[in-house]
Amino acid sequence: MPLARTAMPAQDPKERTKNFDEVALGYSEEMAVREAGRCLGCKKPPCVEGCPVFVRIPEFIQRIRERDFAGAIRIIKSTNSLPAICGRVCPQEEQCEKLCVLGKKGEPVAVGRLERFAADWELAAGVERPSPPRWNGKKVAVVGSGPAGLTAAGDLAKLGYKVTIFEALHAPGGVCVYGIPEFRLPKRIVHAEVEYVKALGVELVTDIIVGRSVTIDELFESGYSAVFLGTGAGLPKFMGIPGENLNGVYSANEWLTRTNLMKAYRFPEYHTPIKVGRKVAVVGGGNVAMDAVRCALRLGAEEAHIVYRRSEKEMPARLEELENAKQEGVIFHLLTNPVRVLGDEKGWVRAIECVKMELGEPDASGRRRPVEVKGSEFTMDVETVVMALGTTPNPVLSRSTPGLTVHDWGGLVIDERTGATTREGVYAGGDAVTGSATVILAMGAGKKAAAAIHEYIRGKES
Amino acid sequence: MYKIVEKAVLTPVTKKFVVLAPMIAKKAEPGQFVIVRNGEKGERIPLTIADFDRAKGTITIVFQEVGRSTADLGLLREGDSILDVVGPLGLPAELPASGRVACVAGGVGVAPTYPKAKAMHERGVKVISIVGARSSDLLIMEKEMGAVSDELHICTDDGSRGFHGFVSEKLRELLQGGARFDEVIAIGPLPMMSATVEVTRPLGIRTWVSLNPIMVDGTGMCGACRVTVGGKTKFCCVDGPMFDGHQVDFKEAMRRSQMYLEQERLAAQVRHEGCAAGGDR
Ligand SMILES: Cc1cc2nc3c(=O)[nH]c(=O)nc-3n(C[C@H](O)[C@H](O)[C@H](O)COP(=O)(O)OP(=O)(O)OC[C@H]3O[C@@H](n4cnc5c(N)ncnc54)[C@H](O)[C@@H]3O)c2cc1C
Ligand SMILES: Cc1cc2nc3c(=O)[nH]c(=O)nc-3n(C[C@H](O)[C@H](O)[C@H](O)COP(=O)(O)OP(=O)(O)OC[C@H]3O[C@@H](n4cnc5c(N)ncnc54)[C@H](O)[C@@H]3O)c2cc1C
Ligand code: SF4
Ligand code: SF4
Ligand code: FES
């Protein structure tokens with residue numbers, strides 16, 4: 001049994017920073033079968049415990065080993081409706097792969113890559129179009145078309161509900177379309193997942209902001225028996241340091257939305273512009289920061305920098321993306337924090353002033369708290385600054401909806417067991433509840449709420 | 001898809017569309033705006049709801065062709081459809097229910113001013129409107145404004161009609177002549193709003209302005225639209241677009257509106273060449 005996992009072919013780092021095409025190219029059938037051969041098929045598989053939706057990992061891998069790819073995807077899809085997305089973006093090293101027994105001595109089985117392989121195989125072979133089940137006479141409204149909303153809608157449709165998804169933007173998919181870039185998650189994959197949910201009979205309405213275009217009360221009045229809120233955490237944070245409103249300072253949300261949703265990388269063919277300086281600094285250390293900095297390179301920046309106040313060990317980004325960023329030549333300034341953005345006489349960014357940090361005692365998150373090193377200020381010449389500091393739930397909906405309680409930081413208050421909010425018939429899940437988390441956790445929350453909504457509506461009938 | 005049920009050419013560079021959008025019409029209040037996107041490759045363009053008709057399910061937008069996106073939009077004809085229209089966005093204007101209010105409007109700013117003047121007029125507020133443009137052929141919505149104003153003053157920068165000079169100067173003249181206003185609403189290009197708030201500042205007259213920063217989503221998600229008001233950063237699309245003009249950092253707003261000047265020029269050039277070559281637009 002080989003100890004090393006099967007490598008995944010990828011675009012050459014020198015080439016790929018010139019395009020927005022996918023970086024990781026996926027396993028061939030041979031590679032997948034070989035990698036599947038490493039799995040021990042554990043009787044009590046620890047990997048499954050690490051997966052938030054309990055994908056039956058050894059079973060699907062066994063099918064791949066037997067070249068029964070259709071069987072493999074069927075097993076995956078019985079618990080995970082978005083495998084082509086999860087296989088690409090799950091932080092596997094923190095979840096399924098973290099607990100794989102092979103990881104103790106060598107490298108864990110590449111569960112994510114195998115999941116992606118099976119999902120891509122199915123997309124290429126042609127996805128079986130589900131036939132919409134018979135309508136049970138009830139309607140449910142889903143707000144937001146991110147992973148949480150799509151999952152809840154899909155599950156409810158399978159139970160016979162007529163589901164309408166209301167999406168504020170002009171395109172469905174949530175962060176998977178406006179945030180995560182094409183080179184990591186091709187939009188055709190998201191599109192295919194959306195189409196699958198639609199094939200289940202789900203109606204999707206874009207350009208509707210619930211709370212503005214229509215209120216939750218009105219949804220109930222127009223015959224929806226329950227509402228699921230999968231509105232995400234779209235509100236960007238800024239640092240509150242001087243110079244943040246200079247020309248050339250972006251939130252990561254704006255930077256990524258212009259690039260991905262509006263396709264500014266194809267300006268002027270696409271009409272939305274983006275302004276990329278020669279040197280770009282991205283502040284933060286998560287997936288969002290990695291995506292922003294790698295977009296900067298692809299948008300033509302000569303130098304792309306990460307400025308992060310903790311050390312590499314604390315970086316919340318997926319390991320694979322951190323490695324990719326390094327290969328692509330991103331320059332890392334760890335234990336460094338910006339204190340001020342400096343502008344030129346015309347009000348454009350010319351530099352950021354930073355201070356060095358050192359790690360002190362662990363904080364509430366269990367990570368060691370960074371503290372400033374006195375007198376260590378220095379300036380970095382940059383023309384663009386992107387703030388990737390995390391996001392919180394957008395208050396538009398909660399403010400306009402009586403009866404919804406939110407935490408002081410903006411997250412919706414729910415019953416952990418069911419996803420029920422403080423308002424009867426209204427459920428919530430995903431980033432709107434947790435703050436920015438992961439695709440798979442959002443899906444898990446959508447699933448749980450769908451089941452609870454089903455209970456609730458049945459309970460009311462009897 | 002949102003059908004254009006009526007199109008009017010108000011000036012060579014200003015177009016008016018009446019668009020079928022029943023859900024938006026049902027909710028719209030004076031002061032709010034929509035974001036439109038014309039075509040798969042289009043930008044998201046914020047435009048004020050200049051009027052709405054709940055019974056007919058229509059909203060009216062009036063826009064000036066200042067760059068590629070608005071020029072492309074202007075090519076649409078009656079019966080065509082706009083791909084995306086989302087709204088109503090922003091907070092409704094806080095309008096007084098009595099007293100005397102001066103509505104100062106410059107250029108295409110007349111369009112966003114109109115629904116506010118109309119709403120106040122309907123409530124019995126005395127509306128004194130000062131409407132201006134660079135030249136007489138660029139004046140818009142004069143008749144509509146006249147119908148909802150107790151007094152209507154026309155101004156042109158070049159003196160081709162009415163008062164010769166800026167709307168802010170006309171306001172100063174009225175104030176110096178003894179006119180009294182409980183509030184002022186000033187909407188138009190940034191320099192015009194900035195000049196107007198300087199006229200009212202020494203007199204302490206509350207002055208509302210409607211800011212129009214560059215936007216992307218219009219729902220509070222991106223922060224492109226940040227403006228500084230009273231020393232605090234606000235997102236114009238969710239905290240505005242109406243703000244207390246005496247608190248607004250106009251210098252910053254003007255600077256930020258120039259962020260894409262270079263790209264806008266390129267886009268205009270590409271568009272121009274595309275037209276000349278008879279290419280698709
Ligand atoms: C740049 C970036 C990279 C990331 N990388 C990873 C990764 O590698 N792996 C990973 O697991 N996770 C990653 N994440 C996190 C992950 O994308 C999110 O946790 C996940 O998308 C949350 O799903 P959701 O359905 O709760 O919300 P979202 O995906 O945010 O979707 C919410 C949707 O609701 C819509 N909406 C909001 N308010 C309203 C309203 N009032 N009416 C109608 N519609 C509304 C929004 O427009 C949006 O489309 C990343 C996030 C970002 C921003
Ligand atoms: C809340 C709000 C309400 C508005 N209402 C109206 C209206 O009723 N009628 C009207 O004619 N215009 C209105 N505008 C301005 C209008 O959105 C811009 O003129 C339009 O987006 C310019 O696009 P363009 O491609 O044609 O021009 P560009 O070539 O892109 O730019 C020309 C000028 O428009 C400004 N601009 C560019 N993009 C934007 C943007 N996304 N948002 C704002 N300004 C931008 C630029 O700073 C530049 O000065 C409003 C803007 C906002 C924010
Ligand atoms: S869904 Fe994510 S965590 Fe679960 S098995 Fe797949 S890659 Fe691993
Ligand atoms: S723990 Fe590892 S070896 Fe065991 S079943 Fe899971 S993937 Fe296979
Ligand atoms: S336009 Fe994006 S936050 Fe206002």
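Analyst: I begin inside one chain, with Ala445(A), which belongs to helix H18 of chain A, a helix spanning residues 439-461. This is a predicted model, and what follows should be read as a description of that prediction. Once the neighbours within four places in sequence are set aside, the residues in contact with Ala445(A) are Phe228(A), Gly429(A) and Gly430(A). For Gly430(A), the separation from Ala445(A) is 15 residues along the sequence, while the C-alpha atoms are 5.8 Å apart in space.

Turning to the part you asked about, the contact between the chains draws 43 residues from chain A and 47 residues from chain B. The size of an interface is often given as the accessible area lost when the parts come together. Here chain A and chain B bury about 3,900 Å² between them, and 53% of that area lies on carbon and sulfur atoms. On the side of chain A, the residues that lose the most area to chain B are Arg212(A), Asn245(A) and His271(A), which together account for 20% of what that side buries.

The polar side of the interface can be described as well. Between chain A and chain B there are 22 residue pairs in polar contact, counted where both residues have pLDDT 80 or more. In terms of secondary structure, the elements of chain A that give two or more residues to the side touching chain B are strand E5 (235-236), strand E6 (249-251) and helix H13 (252-261). Of these, H13(A) supplies the largest share, with four residues. By class, the side of chain A that touches chain B divides into 20 nonpolar, 14 polar and nine charged residues. As for salt bridges, four are found across the interface of chain A and chain B. A salt bridge joins Lys27(B) to Glu218(A), where the closest N and O atoms are 2.5 Å apart.

Two ligand sites complete the picture. Around ligand 3 there are 13 residues, of which Cys51(A), Cys90(A), Gln95(A), Cys96(A) and Glu115(A) come nearest. The shell around ligand 3 comprises nine nonpolar residues, three polar and one charged. The shell around ligand 4 has ten nonpolar residues, with no polar and no charged ones. The residues around ligand 4 include the cysteines Cys39(A), Cys42(A), Cys47(A) and Cys100(A), and also Leu40(A), Pro45(A), Pro46(A), Pro58(A), Val101(A) and Val109(A).

Terms used: Residues numbered from 1 in each chain as written. Chains lettered and ligands numbered in written order. Predicted model: local features only at pLDDT ≥ 70, side-chain atom pairs only at ≥ 80, totals over all residues. Heavy atoms only, no water. Near = heavy atom within 4 Å. Nonpolar A, V, L, I, M, F, W, Y, C, P; charged D, E, K, R; others polar. Contact = heavy atoms within 4.5 Å. Buried area = accessible area lost by both parts, 1.4 Å probe. Salt bridge = Lys/Arg side-chain N within 4 Å of Asp/Glu carboxyl O. Polar contact = N/O pair within 3.5 Å; in protein donor to acceptor, adjacent residues only side chain to side chain.
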